[in-house]
Structure formats: C-alpha cells, structure tokens
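Subject: The structure I promised you

Hello,

Here is the structure we talked about, handed over for you to explore. Please open it beside this email, and read on below it for what turned up.

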Amino acid sequence: MHDMSAPAVHHHAPPTGFIRKYVFSLDHKVIGEQYYALALVAVYIGLVLSWIMRIHLAWPNFAIPGLQLLSKTGAPGGVMTPEYYLQLMTMHGTIMVFFVLTTAPFAGFGNYFLPIQVGAEDMPFPHINMMSFWVTFVAFCFAIAAFFVPQGPPLSGWTAYAPLSALGSVAGPGQGTGQVLWAISIGIFCIGQLLGSLNFISTTLDMRCQGMSLMRLPLSVWAWFITSCIGLTAFAVLMPACILLILDHVAGTSFFVPSNLVVNDQLQPHAGGSTLLWQHLFWFFGHPEVYIAIVPAMGVVSHVLITNMRRPLLSHRVIIYSMVAIAFLSYMVYGHHMFVSGMNPFSSIVFSFPTLAITIPATIIVLIWLGSIYGSKLRINTASLFALGFISMFISGGISGFFLAQPSIDIMLHATYFVVGHFHLVMAVAALFGIFAGTYFWFPKVTGHMMNDTLGKIHFWFTFVGAYCIFMPFHYLGMAGNIRRYQAFVDDFMAPLMPVHKFITIAALITGAAQLVFLYNLIHSRFWGKPAPANPWEGTSLEWSIPSPPPFDNFDGKLPVVYHDPYQYGIEGSTGDYVMQDSPEQINSVRDEK
Amino acid sequence: MATTVHEPPKIKSTDEILTSHGGGGWHDQPPSPGSLRSVYDSSPASRTGVWVGLAAITMSFVAFTSAMIVREGASTDWRHFTLPSVLYFNTLVLLASSVTLEFARKRVAAFLHGEQLDRSPSLTWLWTTLGLGLLFVAGQFVAWDQLRAQGVYMASNPSSSFFYLFTVLHALHVLGGLAGFTLVLWRISKPVPTLRVSTLSTVSYYWHYMSALWIYLLLLLWTRI
C-alpha cells in the first residue's frame, strides 16, 4: 500500500527549554493542558466555596474554622456575615461559570483535540493561542485578587445586576474595588475567549487534512466549532458591558445608575442611567453562555457514547443540525431571565416562545442518544457511565426548564431555589459530567497512562447519587417558596425547610469529598497508571491513530488522509469491528459520509 | 445493501499546496521571485482569522451602539453638542491612509515577486500609511483636547460619555493596526525580507475595516451626539 499522506510543513520548530516547552508554549496540546489545569484549580476553589456556603445555610451560627483568615470583617470568629455569604456566592458562581464550565470542556479539550481530530499539526495562529491562555490566566488572577482587597469580593452575584454593581462601595462591602476587579477580570476573560474562538474557527474551516470534509468531522469538533461561533458574538457583547460598568465606577459616568437613587441615606451622584440596559447586555451574553458550557459536553458525550456503543448514532447530520439550531435560537431566548424585571409583558411572550422552541433540538439530540443506545451493547466504563450520567442530568434539569420558560409560572419561581436547582442540574452538573467523561476517555491519549477504572466508578456513583441528593430537593424548596441568595432562612414559612437544607449540606460535603477520589486518581494515574496503548477504546477518529501521548507535531511529519466518516463501527474491518478514519480500506457502508 | 466504493481522494503535492491560490495557513511561504502570486493573495486561515476577528469587533461596537440608543432614550439628560471640526480632517487622513495602503500593497507585491528589485517604493508607501495613521491618532487627541477646552469631559453628559468611549476605543484599535504595520515594515526591511503576502493582506483588511468603522462612527456621532 503506497503512502498517500501529504507531507507536512512545520510552522514552528520543536520547543526547547522549560519555559518554551511548558510555560509559554505554542503547542496546542500544552495550551489545552494548561487550560485544563486552570479549570482544575478553579473547580476546587469553587467547590470549597460551595461547602462554606452550604455549611452556613444549614448551620448559620456555626464558626467555620479558618474562615476568619480569609476575611476578618467578613467572618469574625469564623461566623460569616450576611454580606460575606453573598460575596462567596458571587465568586462561586463567577469562578464556576467562567473558569470551569467555559474553560475545561471548550478551551481545555478543544485546544488539545480539535487540531488532531481535523488532521492538523497545530492551530493556524499559535502565538494568539498562547496569548489566549495567558490572558485567561491573568483574568483568573484578577478574580482571585478580589478576595484579598480590604472589603473583599463583590456581592452582586455572578450576574452583577446594576445598580447594585455600579454604585461603588456605598452599596456594600466589596462593591468598590472588588466589583471593579471582577469587571476587569471578566472583561479580560472575554478577550481570551475571543482569541481562542478565532483559532478554533480558523482551524475547523481551513486546517482540515485531505479527505476531511465537514460532514466527516467528529461530533466533538462540530460542538467546539459551534461553541466558538456562539462565543464570538456572546463575549463580544459582555466585554462592552464590563467596560461600561468599570466606567460607571471609575469615570463618574451613568450608564446603569438611574436618577434620584438613595442608598444608605445618601443621594447618589449618578443620573439618567438604565438598570435594564445592564440586564439586556448581560443576558444577551448570559444565555448563549450556558450553551457555551453545555454544547462542548454534548459533543464529548456523543463521541464517547458512539465509541462505547460500537455503532454510530441514528443520525450524524441531525445531531449537527440540532446543535446549530440550539446555537441560533440561544440568542432569541435571553429575555426569559428578565420575565419579572419590569419589561412589557408582551415581550415576555416573545421570549417565552423561542425558549420553548429551543427544547425541540435539545430533545431531538437526547432522543437520538437514547434511541442509539437502545439495543446496543454499550461498553460500561467510567467514561461511558459519565456520558450516561450527562444524559440523565440534562433531562432532569431540562424538564424544570419547561416550567421556568412560561412567564406565568416564572413569576412564582423566579429567584427561588427552583431556578438554582434547574441550572445546577442542566448546566453545571451535566457539563461537569461531560468534563469527567472526556477526562476518563482522553486521559490515556494525553498522558500515555490509563486511569484506574475502579476508582473512576466509585467517583461516578458517589457523584451521580450525590448530585441528585443535592439538587433535586432544590426544586421542592423552590416550590415551597425558598428564596435564593438568602444567607439564612428566618421567615416562618421557610423555617420548616431547614431539615432539607441540612440534608443537602451533608450530601454536598460527601459528594465534594468524592471529587478528591477523582483528583487522587488523576494524579496517581498520571505517574503510575498502567501504560496505555495508542487506541485503548478502539476508536476510529484521528486522535487514536497517533501514539499516546502524541508527538510534538501530532502526526510525526505526515499529515493523515481521511477516507471515511468518523464513526465506522459495526463494520468488519481488518482491525476488528471498526475502521479508522484514515484507513484506506474499502468498506461497504450506507452511512459513510463524503 | 448499497455498496459504497471509495475513490482515493486527490492528493495535492507539496508544491501544489504551497503555490496554489490560498495555500494552507502556515504553509504560506514568501513567494520566490518569478512566481505568479496575486497581490491580494492570502492564505485561507489568515483570511478566516481576520474576518472572525473583525466579526468580534463589529459585535462589540454594535453592543456599544445599542447601549447608546437605549441610554439616550432612558432619560431626558441627553445633551447634544457640536463635534470638533478636526474630526473631519482626521477622517480624510484615515481615508487617505487606506489609499496609500493599496499603493503600498502593489509595490510590496512587485518587490516580493521579484518584478522590482528596489524595495524603496514599498517602504515609502508603507511609511506614508503608518505616518497617516499616526496623524489620525494625533488628530483624535486634538479633538479630545478641544472638547476638554470647552468643558466637555467623559462624565459631563451621557452624550459626551459615548463620544469619548467610541473615539477612544476606535483609536485603540487603530493603534493595534499600526502595530501590525510596524511588524510588516520590520519584516520587509530585513536584509532578507521575511514578509508574507498573507501578513500584509491581513493587516490591510484590518486597516480598511478601521476606516469603514470610523465612517460609521462618525455618522453615528454626527446624527446622535
């Protein structure tokens, strides 16, 4: 068989020196690992913050040991003040949404695997790619710095609603310097994501190897591509919003602060601003952002499930079209976060309709997954378990969205724990399950070692059961009227709910502890795990055609040539029940894409 | 069951990849003398990259525009003022720089293709473009000074807030374009030039976009401020 692969041209030489190899690296794989490491640090910070919040909610007067070290004024003697609860809540949401859910599944896995899966040696703009990570890192530093300024981080929530977020320190602790640091952090984060999206889009469109048509791209690549398109327009709106917020703080402008506002008995000097303007700008970004968090996980889950089912999904194209439809509709639904903001009720109908409509492509994707799994001999390993868990979480969390999509019901449920349960299940936990599925699936490729599957399954079951124990009761709490963003529940009607809160807190502590099992498995396997073959899962996409870990230039000087679609499973091939994408072997398949 | 027989895909040779119109991103090499690359040639990845970047910048300015329209309607404190007249001169300077840039591209292409051995015309037109760009930025400073002399500052009024916001942000983006020109000049001025056609094309698209964006902003400010 003659070699038909095209020779490659290296655009940057192999790195030498520690700094170039591991710090300011131009290699997309190292950049992907850096993003993942950043997300790993961020998720444990967010986890600890959630623990502290949950302990306070269950036992408001409990002195948390060491908390006073973080803030003497916020937690004197370890008992946090109401304001400090809100400050921790703000940073929990900010760190988790931006530095975990946007970073790991998209920037982390995407940077590592997108070039390999399209058959490229690297992204077309490696310097910009390097800059995108370090810009994100600087953004993270600004966010963490907010903990250490005198009044601490902001307390306006990750949504930073004006006028609270725009008034300065008169509005509360952390609303001065802390809020400005938050806005700078998020503004810089937007720049990092825009730089990353630029590379993702260019790589997908222009760097595909020969034979790799768009319809032959793996679903993970489609997911990253669609996500980067969403991110391009979403983050480009959030950045202006942050700039305007910073100007309201430091330049005396009044973009978001209305006239005649009296706060703490002081008439505010601002005049004429629009508080709704912030909400419109923020949620125009904010709703696409939740799809930025979930669509990459959908791609990963599709990819993992297909490999373990040993057969393609019922329809490759419909999944792609559905993800595109979700991306398109995501810009039309943002007003469902603003049903009770005072907007014209007619506009609520205008936003409610596409919000319900967006469930159609999402349901199509879920039904295709479920229909494909039915009757398959799904291989059960940790990656496939987390993929199944993703589907479970997505369905559970998605169903509660039906209620919130309707303005008449949302009037009762807005700002209750029902909303908190909904978005934690459908976005946070589901995306985390996608991240875990991707980690267990691709860890062998990245490191050359297998993760311990037994520890992985322990991690899965504790996390799966624990997540339901934590977030399902949130729906009940919300329906019972439990208001969100309260640091204690002293009203008569909420006091009977305290046992539920205690149960949730205990579940959260146990589930959080299970994440330490994952961390141990990750670190231990990295150094002492069983050596991994190049293709441990018998996958067909291009990443499984190269050694584990991949060489510097991915394909060792010879770009691959693709002959088949990415999911030729259940085919009798020379390798077994599958045919690799770059195998020139001729096969009989009705489903092979051109 | 239907049988699909796969024809082997057409394999391009390395030469075809390197010399075809729009070869792969970083396969793009400086053309050897006598090659027939167009002055407008740029690699697909560079083209895609610059259009993606411009899409993001467009979206940001659209967001600012919508914020301005909402803010104007939100309250009765919007005060109109006359735009500094130097802005119109600056506009002509920026448009002139787009014209000189096109002259520069033709000269650079001729030099890189070996049709002209002397790089001076290329450098002259590139330096002229860079100079006009700097003149534009300096002119914007003059405009801000003129407004400050009238007592119109960023926080004076929402209209002035948006004026300063738009013009400062645009000037910052122009400075980014000037950094690109600096890179182009540095690469072509080397004893052995390492400038790629795609680099100059990318910078050119960006620069022309800055001109077009400025026309839009000027019209916006002229009608709204």
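Let's start in chain B with helix H3, residues 86-112, keeping in mind that this is a predicted model. H3(B) has 27 residues and reaches 38 Å from its first C-alpha to its last, close to the 39 Å expected at 1.5 Å a residue. Which of its residues are buried? They are B:Leu87, B:Asn90, B:Leu94, B:Ser97, B:Leu101, B:Ala104, B:Arg105, B:Arg107, B:Val108, B:Ala109, B:Phe111 and B:Leu112. Their cover includes three helices of chain B, namely H4 (120-149), H5 (158-189) and H6 (197-224). After H3(B) comes B:Gly114, with a positive phi near 85°.

Now over to chain A, where a helix pair is worth a look. Helix H2 (residues 28-58) and helix H17 (residues 498-528) of chain A have axes that come within 9 Å and cross at roughly 160°. An angle over 145 degrees counts as roughly antiparallel, so that is how H2(A) runs relative to H17(A). Their crossing is left-handed. On the H2(A) side, the residues in contact are A:Leu47, A:Ser50, A:Trp51, A:Arg54, A:Ile55, A:Leu57 and A:Ala58. They meet A:His501, A:Lys502, A:Ile504, A:Thr505, A:Ala508, A:Leu509, A:Gly512 and A:Gln515 of H17(A). By type, the residues of this contact divide into eight nonpolar, five polar and two charged.

One joins A:Ala162 and A:Pro163, with omega about 0°; A:Pro163 is in the loop between helix H6 (126-145) and helix H7 (177-206) of chain A. Another runs from A:Ser548 to A:Pro549, where omega is near -10°. The loop holding A:Pro549 lies between H17 and strand E3 (569-573) of chain A.

Finally, have a look at some backbone angles. A:Ala415 is not a glycine, yet its phi is positive, near 60°. You will find A:Ala415 in the loop between helix H14 (407-413) and helix H15 (417-447) of chain A. Because A:Ala415 has 14 C-beta neighbours inside 10 Å, it counts as partly exposed. A:Arg485, also a residue other than glycine, has a positive phi of about 60°, and sits in the loop between helix H16 (453-479) and H17 of chain A. With 13 C-beta neighbours inside 10 Å, A:Arg485 is likewise partly exposed.

Note on methods. Residues are numbered from 1 along each chain as its sequence is written. Chains are lettered from A and ligands numbered from 1 in the order in which they are written. This is a predicted model: local features need pLDDT of at least 70, side-chain atom pairs count only at pLDDT 80 or more; totals for chains, interfaces and linings use all residues. Helices (H or I, at least four residues) and strands (E, at least two) are DSSP runs, numbered from the N terminus. The expected span of a helix is 1.5 Å times one less than its number of residues. A residue is buried if 20 or more other C-beta atoms lie within 10 Å of its own, exposed if 12 or fewer, and partly exposed in between; C-beta atoms are placed from the backbone. Two residues are in contact if their C-beta atoms, placed from the backbone, lie within 7 Å. Axes are lines fitted to C-alpha atoms, for helices over the stretch in contact, and angles run from 0 to 180 degrees between N-to-C directions. Angles under 35 degrees count as roughly parallel, over 145 as roughly antiparallel, 65 to 115 as roughly perpendicular and the rest as oblique. A crossing is left-handed if the near helix is turned anticlockwise from the far one by less than a right angle, and right-handed if clockwise. Ala, Val, Leu, Ile, Met, Phe, Trp, Tyr, Cys and Pro count as nonpolar, Asp, Glu, Lys and Arg as charged, and the others, Gly among them, as polar.
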